Amino acid sequence: MKHIFKKIKEYNRIIIHGHVRPDGDCYGSQFGLKNIINTTFPDKEVYLVGGKCEHASFLGSMDTVTDEMFKGAISIVVDCGDSKRIDDKRINLADYVIKIDHHIPVDNYGDYQFVQEEKPACCQIIAEFYDKFKKKLKITKEGAMALYTGMVTDTGRFRFDSVKSDTFKTAALLLDLGVNVEEIDAKLSIENLNTLKLKGYVLSNFKMTENGFAYVCITRDVVNEYQVSDEEAANQVNLLSSLEQIPVWALFMEYPGEIRIRLRSKGPAIDLLANNYGGGGHEKASGAKLITWDDLPKFVDECDLLVKKYKLEKN
């Protein structure tokens, strides 16, 4: 963390990147870190680049950054373990690149990597960075709100087993900085009628294997029929999390040119399986992809076998 602090002080222009299809933790990390730097060093130029996260859009919007602006700048990439998933890959135009992440590393891109796999959210790392140097750093309520938003979303509202006592200590720190828990919960809980109807589709059309792997497929036709965004559709993955005797579940989401898998577990480790399908992540929450729907049966069979082995070992 000392090295990151040193580099932030060294550069006058800082560009903060996230990953493709950003989630709340990605957005929270970007906006939270920008707030810390801007509040502490008001003369520095800090820009955010990347895609839009619909359900965390209340935190703000991305900036427009030209190629020329990368010259003489430092790029900081947050919440991204794989260089292929960096949104806005112009990091090679920057003078120096820092990676701040909590995922199992796929590759060690950048000039410096700060990775804490045991943390349930990248926002927790950013908040702890502030806490470590709080005598030298400043943050506003808005920055604390961004970091808390990321922690809430990436921990499933503090329900996942990756949450430890230090997570709650960090959350308490943010509350002391003015975070309004009710306000954030209200913003994250808002759903439109189309999304509610899509939930009905998911609950009516999911499938379950013999050993207890549950999954649902959302094609482009489904997205168009229910008139929801890709993000709203993909976020339905945890609808299946409360099913009895279902330790592993997934949502297969069709995007133009590929099929992305959101794979979740409350039992066996799933990250190694995800690695075999062009993805990765955490032991209990990973992403992967299929080339075509023809690859679906093989993936389902492997998940079913994983669940079978887990149940046998458990019993």
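Asp 101 is in contact (heavy atoms within 4.5 Å) with Asp 79, Cys 80, Gly 81, Phe 114, Val 115, Gln 116, Cys 122 and Ile 125, leaving aside its neighbours within four places in sequence. The model is predicted, so that local features need pLDDT of at least 70 and side-chain atom pairs count only at pLDDT 80 or more, while totals for chains, interfaces and linings use all residues. Residues are numbered from 1 along each chain as its sequence is written, and side-chain values use heavy atoms, with hydrogens and water left out.

Asp 101 belongs to strand 5 (residues 96–101); helices (H or I, at least four residues) and strands (E, at least two) are DSSP runs, numbered from the N terminus. Asp 101 counts as buried because its relative accessibility is 0%, where buried means under 20% relative accessible area, exposed over 50% and partly exposed in between (1.4 Å probe, protein chains only). Two backbone nitrogens are reached by the side chain of Asp 101: that of Cys 80, which lies 3.1 Å from a polar atom of this side chain, and that of Gly 81, at 3.2 Å. Such polar contacts are pairs of N or O atoms within 3.5 Å; within protein, one atom must be able to donate a hydrogen and the other to accept it, and residues adjacent in sequence count only if both atoms are side-chain atoms. Between the C-alpha atoms of Asp 101 and Leu 188, 87 residues apart along the chain, the separation is 23 Å.

The largest nonpolar core comprises 50 residues, and Ile 100 and Phe 129 have the most contacts inside it. A nonpolar core is here a set of buried Ala, Val, Leu, Ile, Met, Phe, Trp, Tyr and Cys residues joined through side-chain atoms within 4.5 Å. Apart from neighbours within four places in sequence, Phe 129 is in contact with Met 1, Ile 4, Phe 5, Ile 8, Leu 33 and Leu 137. In soluble globular proteins, nonpolar side chains tend to be buried together.

An open sheet of 6 strands shows mixed pairing and the order 7-8-9-10-12-11; two strands pair if DSSP finds at least two bridges between them. Its edge strands, each pairing on one side only, are strand 7 (207–208) and strand 11 (280–281). Strand 7 and strand 8 run antiparallel and are joined by 2 bridges, with Lys 207 opposite Tyr 215 in strand 8. The hairpin of these two strands has 4 residues between them, and Gly 212 takes a positive phi near 110° there. Strand 8 (residues 213–218) and strand 9 (residues 248–255) run parallel and are joined by 6 bridges. Cys 217 stands opposite Phe 252 in strand 9, and Ile 218 has Met 253 as its bridge partner in strand 9. Because 5 of its 6 residues are buried, strand 8 is largely enclosed by the rest of the structure.

Helix 11 (residues 296–314) lies across strand 8, strand 9, strand 10 (258–265) and strand 12 (285–290), and runs at about 155° to strand 8. This angle is taken between N-to-C directions on a scale from 0 to 180 degrees, with axes as lines fitted to C-alpha atoms, for helices over the stretch in contact. Strand 12 contains Ser 286, which is buried with a relative accessible area of 4%. A polar atom of the Ser 286 side chain lies 2.7 Å from the backbone oxygen of His 282. Not counting residues up to four places away in sequence, Ser 286 touches several residues, among them Ile 261, Leu 263, Ile 270, Ala 274 and Gly 280.

The whole structure contains 15 salt bridges, each defined as a side-chain nitrogen of Lys or Arg within 4 Å of a carboxyl oxygen of Asp or Glu. Lys 298 and Glu 302 form one at 2.6 Å, N to O; they are 4 residues apart in helix 11 and therefore separated by about one helical turn. Glu 302 is partly exposed, at 26% relative accessibility. In helix 1 (residues 2–10), Glu 10 and Lys 7 are 3 residues apart, again about one helical turn, and their side chains meet in a salt bridge of 3.3 Å, N to O. Glu 10 is partly exposed at 44% relative accessibility, whereas Lys 7 is buried at 12%. Glu 258 and Arg 21 form a further salt bridge, with the closest N and O atoms 3.5 Å apart. Glu 258 lies in strand 10 and Arg 21 in the loop between strand 1 (13–19) and helix 2 (24–40), so the pair ties together parts that are 237 residues apart in sequence.
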